[in-house]
Amino acid sequence: MKYSTIIIGSGPAGYTAALYTGRAGMKPLMIDGGIGRGQELLGAGGQLMITTEVENYPGFVHGIQGPELMQIMREQALRFDVEVVEDIANQVDMSQRPFKVWVGDASYESDTLIIATGASAKWIGLPEEKPAHEGGLGGKGVSACATCDGFFFRGREVAVVGGGDTAMEEAVYLTNHASKVTVIHRRDTLRASKIMQKRAMDNQKIHFVWDSVVERIHDPAEGCVTALTLRNLKSGATSVLPVQGLFVAIGHKPNTDLFRGQLDLDETGYIVTHHDVRTSVCGVFACGDVQDSEYRQAISAAGSGCMAAIQAERFLEAEKAGDTSVHGSW
Ligand code: NAP
């Protein structure tokens, strides 16, 4: 069966693209990512499924839980003739139109593609980082997003792991809320740009622990973060740092393995877009975190999902009207 558009991924970008293409009568097919398997494979709903309180998504005066927000987005999108395959796309052929997407042995064809597969935060790999329902402290003091969760640490002491720009940015941002921010870095020099290093080093609230890694997060038994066990990689010595929050900022990985070799990706693996959401392949659009390493917010992802849907609709309308200039202007 051939669709006018297939949306791969179901975070805020994917659901918004589904909502708009569905309302436009395009009868989209969404491949939603299926059931998540924790932080390694997020599944339907994406990163917000492992977030707790979301206070910065407009429209929710008192905030909303991440999974609830995604459930609402899903229900709203599915009001409008959106077909859903509850699984993972495991192969894509963009070499010619119609494009082809495989889910297991089943294949689907479409005139346009909207890629909204998102990104995943990289984690240290400690069991305590897992979400609360898996016995960890993820969403209960352990976070990968200071903009999302920093507010909950007003007047408290927190730690940030990482030595790149993201870690410096998160640390500086957290000083708006926390009383003390300790950056834990595995080497004795930062990877971050000079300007970000200076901003962090000049901030009186930020302290650094060098050559060290987090070995353990306390205390899942209490259901909250109370301290970290650190290990100095040079001396081997361990120490305990009392904190109420841990922000892991060791990078994000865009979920683009499926498209490698078919679409232009930047050096860190993000899909390169022009005209906001157009990829290097005519008729293929990308929205949300898979093409955005800068903002990475639910609202900006939703906004770009809207743009991808509108551009896909206009692209198909122009083709239908015999206007081939859409190909030239790509
Ligand atoms: P990044 O540059 O790859 O830095 C990751 C940091 O985490 C590095 O310091 C790395 O240590 C550390 N790290 C990696 N794996 C680790 C592990 N398992 N345990 C402990 N530490 C670990 O990632 P990023 O900071 O997210 O930045 C990604 C890109 O976005 C960069 O190009 C960056 O410049 C850009 N960015 C720019 C801005 C800005 O300009 N405002 C803001 C954010 C990000 P090592 O240094 O030892 O490798």
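User: Is Lys2 buried, exposed or partly exposed, and what is its relative accessibility?

Analyst: This is a predicted model. Lys2 counts as partly exposed, because its relative accessibility is 48% and the exposed class begins over 50%.

User: What does the side chain of Lys2 meet in a salt bridge?

Analyst: In general, side chains of opposite charge can pair when their charged atoms come close. Here the partner of Lys2 is Asp111, with 3.1 Å from N to O. The pair links distant parts of the chain: Lys2 belongs to strand β1 (residues 2-8) and Asp111 to strand β8 (residues 106-115), 109 residues apart.

User: How many salt bridges does the structure hold?

Analyst: There are 11 salt bridges in the structure. One of them joins Lys27 and Asp81, whose closest N and O atoms are 3.3 Å apart. Distant parts of the chain are linked here, as Lys27 lies in the loop between α1 (12-23) and β2 (29-31) and Asp81 in the loop between α2 (66-78) and β5 (83-85), 54 residues apart. Asp81 is partly exposed, at a relative accessible area of 49%.

User: Which residue forms a salt bridge with Arg74, and is Arg74 buried or exposed?

Analyst: Glu86 is the partner, the closest N and O atoms being 3.2 Å apart. Arg74 sits in helix α2, and Glu86 in the loop between β5 and β6 (91-93), 12 residues apart. Arg74 is buried at 14% relative accessible area, whereas Glu86 counts as exposed at 58%. Through shared partners, salt bridges join Asp32, Arg74 and Glu86 into one network.

Conventions. Residues are numbered from 1 along each chain as its sequence is written. This is a predicted model: local features need pLDDT of at least 70, side-chain atom pairs count only at pLDDT 80 or more; totals for chains, interfaces and linings use all residues. Side-chain values use heavy atoms; hydrogens and water are left out. A salt bridge is a side-chain nitrogen of Lys or Arg within 4 Å of a carboxyl oxygen of Asp or Glu. Helices (H or I, at least four residues) and strands (E, at least two) are DSSP runs, numbered from the N terminus. Buried means under 20% relative accessible area, exposed over 50%, partly exposed in between (1.4 Å probe, protein chains only).
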